[in-house]
Amino acid sequence: MIDFTFTEEQEMFRKAAREFAETTVKPKISEMEETGKFSDELVKALGEAEMMALTIPEEYGGLGLGYTVRMIAVEEISKVSVAVGMMLQVCALGIEPILKFGTEEQKKKYLPAMAKGERIGSTAVTEATGGSDPSGIRTTYRKEGNEYILNGRKCFITNSHIGDTITVLAKDDENPKAFSTFVVEGGTEGFKPTREEHKLGMRGCNTGELAFENCRVPAENLIGEEGKGMRVALSAIGDVGRGGMVGCALGVQAACLEASVKFANERILYGKPISNLQTIQNKLADMKIDLDAGQLLGYRASSMQDSGMRSSNEFAVAKYFTTEAAQRAAKMAVDIHGGYGCMEEYAVSRYLRDSFVLGPSAGTSDIMKVIIARWVLS
Amino acid sequence: MFKIVVCVKAVPDPKEAHKIKIDPATKTLTRTDVPLVLNLLDKNAMELALQLKEQLDAHITVLSMGPPAAGNIVKECLALGGNQGFLLSDRAFGGADAYATAYTLAKGIEKIGAFDLIVCGMASSDGSTEWVGPEMAAFLKIPVVTRVNEIVETGKEWWKVKASLENGYRLMQVKLPAVFTVTRELNTPKSLSFSGIIKARKKEITEWNIHQLGVSEKTVGQKGSPTIVSDLATVDGKRTVELISGTREEKADQLVQKLAEAGVI
């Protein structure tokens, strides 16, 4: 029989992440909602709690716990604040290209500091002209001596203003079919974060634009081979990015269900808790079915990834399902709460706003279907 | 080396307390659907041990009595920083009251060997008797300070501690080895860490059954428990609404009367 249970140790990792989320993340939510800014204190706390070290091997200062534990951690944190879960998941997007394609020198230079949270990672692919179609990007590079010169703008980049170790995809200014990926460090001449976005949801999770104006990047910051950067960027987004989004979505789903069960048991109508009403039970059952199905899909993909198997198609299925399910769950949670669901005092109104940010991140639902269709037709 | 024994208990998760039912025939709690968690006040005991470990380079032994599932709680304490763990687990230990629990734990501590300090939470969230600590001290024939909320001074043999009372505190001087039962005001327990959980992989938990512990069946579990539970009842937390009518003065009088009848004023 297939074993669908988590190990005792994985359960303990879940507990550790839950405790951190409850004690350290929760008190910061209202501040992040009000200001729209990520808390510096929280960045430090995430580093100290080793949340960024999960996928980094021990020899580079990480914990080497793999992708299932990472999904567990992102899920538990997102259950409390998906804005923080998102920030954390995107840190891994900065880590993964270095881990998978970086030179030994790059790994030694960046990974130990990223594991401690002293360096904050991100990845920058999306532009106004290309996100779902990354080949449509217009940011260019050209080699000059021992440096690469980058020019262009990136948009909708998570951790844009708090990240300082960013994997950037650019295209050869003489060969539009050649793409390369570079690590751009904060403070590099010609590089600056510009506009900060104000999103519908995930307030506090920093998203913005990056500008590269004759930005000079040392040649040793090229990740992987020159001209083969698309593979570097997409492999990070395909497995780690989508895996992270699944963790974020599962957290929102679980939070919606928990809040709805609590409210339905406490809210009295017709002399009884509304949880006695079949119409409410129907919604709760739908939310539970979606949550269980999402967990099975998500953790199937992460365990395949941990076994070294190709898992990007499975992640596409899980990403589509869980992010759509999170939106359904948030809508039902708000419905169950009635008028209270429209009040900011109730977390479900935040869940609804947050759930709509899940879809476009790391590939829209439509793009996931393109990938899945390509998979079944191949 | 300074040796600390931390006694911990696996209790039904207080967040899932609504799932606990009373078996009317046996007057016991049916807990099958409720996950076991580390008793909250035992976290404070564990935190004290960890602080002393840092301060005195102490060795921490974690001890628990309970079903095999309580092994997870011991493991959690090892992940928090305990050095070694012991679980006293046998069907014969089941149904123990505070007295039999204290006796069994005391026997476990004697078997483990030398110790300087025993700490535990002042009460468990399920039984809440506050008796296990003092009774354990009585069995071990050592002093006990209950409700410790501050360690004032750590001497070579004599320690000064503050212990809370309902309307103040006691400043106590106590000669070690001793038992301290601790309050939640003593400290703020640290959370589990990922690297702590990894380190716990190499830490051993020894499990002892009744034969390995070398005690008689008559002295442990339900058979060794002098407590008889005459009745157990669930508190009905149902809210009701009652509208009071009349003039303002009449309403006030009725309200005062009703609150007095309810024992609120």
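**View 1. Chain A as a whole.** Chain A carries 11 helices and 10 strands (helices are DSSP runs of H or I with at least four residues, strands are runs of E with at least two, and both are numbered from the N terminus). The radius of gyration of chain A is 21 Å, close to the 21 Å from the globule rule for 378 residues, so the chain is as compact as a globular protein of that length. Here the radius is taken over C-alpha atoms, and the rule is 2.2 Å times the number of residues to the power 0.38. Along the principal axes, the C-alpha atoms of chain A fill a box of roughly 80 × 50 × 40 Å. This is a predicted model, in which local features need pLDDT of at least 70 and side-chain atom pairs count only at pLDDT 80 or more, while totals for chains, interfaces and linings use all residues. Residues are numbered from 1 along each chain as its sequence is written, and chains are lettered from A and ligands numbered from 1 in the order in which they are written.

**View 2. Burial and contacts in chain A.** Of the 378 residues in chain A, 53% are buried. The label "buried" asks for 20 or more other C-beta atoms within 10 Å of a residue's own, "exposed" for 12 or fewer, and "partly exposed" falls in between, with C-beta atoms placed from the backbone. Among contacts in chain A between residues at least 6 apart in sequence, 74% join residues at least 24 apart. Two residues are in contact if their C-beta atoms, placed from the backbone, lie within 7 Å.

View 3. Chain A gives 14 residues to the contact between the chains, and chain B gives 10 residues. On the side of chain A that touches chain B, eight residues are nonpolar, one is polar and five are charged. For these classes, Ala, Val, Leu, Ile, Met, Phe, Trp, Tyr, Cys and Pro count as nonpolar, Asp, Glu, Lys and Arg as charged, and the others, Gly among them, as polar. Within chain A, the domain assignment gives domain 1 (8–120), domain 2 (122–227) and domain 3 (231–377), with bounds from an automatic or database assignment. The centres of domain 2 and domain 3 of chain A, taken over C-alpha atoms, are separated by 30 Å. Their contact takes 13 residues from domain 2 and 12 residues from domain 3 of chain A.

**View 4. The sheet of chain B.** Nine strands of chain B form an open sheet of mixed pairing, in the order β11-β10-β9-β12-β8-β1-β6-β7-β13. At the edges of this sheet in chain B stand β11 (168–175) and β13 (205–208), each with a single partner strand, so one side of each is left without a neighbour in the sheet. From one strand to the next, the twist averages 35°. Strands pair if DSSP finds at least two bridges between them. In chain B, β1 (residues 3–8) and β6 (residues 59–65) pair in the parallel sense over six bridges, with B:Ile60 in β6(B) as the bridge partner of B:Ile4. Helix α3 (residues 98–112) of chain B packs on the sheet and makes about 145° with β6(B). Such angles run from 0 to 180 degrees between N-to-C directions, with axes fitted as lines to C-alpha atoms, for helices over the stretch in contact.

**View 5. Strand β7 of chain B.** β6(B) and β7(B) pair in the parallel sense over five bridges, and B:Gln84 in β7(B) is the bridge partner of B:Thr61. Four of the five residues of β7(B) are buried. Helix α2 (residues 71–80) of chain B runs at about 165° to β7(B).

**View 6. A:Thr139 and its surroundings.** A:Thr139 lies in the loop between β1 (121–124) and β2 (140–144) of chain A. This residue, A:Thr139, is buried, with 24 other C-beta atoms within 10 Å. Beyond four places in sequence, A:Thr139 touches residues including A:Glu127, A:Leu150 and A:Phe212. A:Lys154 is 15 residues from A:Thr139 in sequence and 7.8 Å away in space, C-alpha to C-alpha.

**View 7. Backbone details.** The peptide bond from B:Leu176 to B:Pro177 is cis, with omega near 0°. A:Asn214, which is not a glycine, has a positive phi of about 45° and lies in strand β7 (residues 207–218) of chain A. A:Asn214 is exposed, with 11 other C-beta atoms within 10 Å.
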